[in-house]
Amino acid sequence: MRLAILDLLRLGLPLVLMFTAVTKWRFDLPVAYLLHAIVLYVIMAGLILWHAPTEFPKPGLGIANRTTLIRASLVLPVVPLLFQPGILNDAGYWWIIVMSIIAMACDGLDGWIARRSGTSTVFGGRFDMELDALLILALSALVALSGKVGTWVLFIGAMRYLFVLAGWIWPRLQGTLPHSQRRKTVCVLQGVALLVGLAPLTSTLIAATATGGTLAMLFVSFAIDTKWLIAESPR
């Protein structure tokens, strides 16, 4: 666990500070933005140490989780931008899109590394999934703030968290779902749709069509998973 803490301090924190500082300097954002990113990183680090297994297959967090941590350094600076109206302009949107595209392009790399190195863990999969969910939630809120579509677009980012909340109320929804290419495809499409909706060149009609269509697919996907869990879980 001590090595995991060192990974968080010497790898993740400097990268988050670097990308956040560059964004702050590029758009002349207040110091509060930097502080928000640091607080968010501390929360993430605390959750990692809380949920991490006692021992990892490799020293420290392992190469796969380190890759996810590097991806987090791109995701976490995006989230506090929700509270910085000064960046909600064409240049700011393009900046957010570029950072998000890089983060999304690296998604799957950590899983591939884990499989190739024999270091796959339930924790690693959960870390990767939660990071994806956080980015989608932030992008949903940014698209809503852009004014191109209504606040209903927030359901794209909130759907997964609502599903988790439903699982707390109805434990049968907490079961383990089988591997699904459908689920992976919808996950990719929702990210693409939100980036399309956020792009300055995208019209209101295209933004609404892309995000609305994705929300419909997401709803159907969750409905399929819910039906499967109800049918397979013990009563």
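**Reading charge, fold and salt bridges in a helical chain**

Me: How far apart are the mean positions of the positive and negative charges of the protein chain?

Reply: The 18 positive and 11 negative charges of the protein chain have mean positions 3 Å apart. Lys and Arg count as positive and Asp and Glu as negative, while His and the chain ends are not counted. Each charge is placed at NZ of Lys, CZ of Arg, CG of Asp or CD of Glu. This is a predicted model, in which local features need pLDDT of at least 70 and side-chain atom pairs count only at pLDDT 80 or more, whereas totals for chains, interfaces and linings use all residues. Residues are numbered from 1 along each chain as its sequence is written, and side-chain values use heavy atoms, with hydrogens and water left out.

Me: How many helices and strands are there in the protein chain?

Reply: Helices (H or I, at least four residues) and strands (E, at least two) are DSSP runs, numbered from the N terminus. The protein chain has nine helices and zero strands.

Me: What radius of gyration would a compact globule with 235 residues have, and what does the protein chain have?

Reply: The radius of gyration is taken over C-alpha atoms, and the globule rule is 2.2 Å times the number of residues to the power 0.38. For 235 residues the rule gives a value near 18 Å, and the protein chain agrees, with 18 Å. Along the principal axes, its C-alpha atoms fill a box of roughly 45 × 45 × 30 Å.

Me: What percentage of the residues in the protein chain is buried?

Reply: Buried means under 20% relative accessible area, exposed over 50%, and partly exposed in between (1.4 Å probe, protein chains only). Of the 235 residues in the protein chain, 41% are buried.

Me: How many salt bridges does the count come to?

Reply: A salt bridge is a side-chain nitrogen of Lys or Arg within 4 Å of a carboxyl oxygen of Asp or Glu. The count by this rule is six. One of them pairs aspartate 128 with arginine 71, whose closest N and O atoms are 2.2 Å apart. Aspartate 128 belongs to helix H6 (residues 122–146) and arginine 71 to helix H3 (residues 63–75), so this pair ties together parts 57 residues apart in sequence. Both of these residues are buried. Arg71, Asp128 and Asp132 are linked in a network of salt bridges.

Me: Which residue forms a salt bridge with glutamate 130?

Reply: The partner is arginine 160, and the closest N and O atoms are 2.8 Å apart. This pair links distant parts of the chain, 30 residues apart: glutamate 130 in helix H6 and arginine 160 in helix H7 (residues 154–169). Glutamate 130 counts as partly exposed, at 23% relative accessibility, whereas arginine 160 counts as buried, at 19%.

Me: Which residue forms a salt bridge with arginine 183?

Reply: Arginine 183 pairs with aspartate 225, with the closest N and O atoms 3.0 Å apart. Helix H8 (residues 181–198) holds arginine 183 and helix H9 (residues 204–232) holds aspartate 225, so the pair ties together parts 42 residues apart in sequence. Arginine 183 is partly exposed at 26% relative accessibility; aspartate 225 is buried, with a relative accessible area of 5%.
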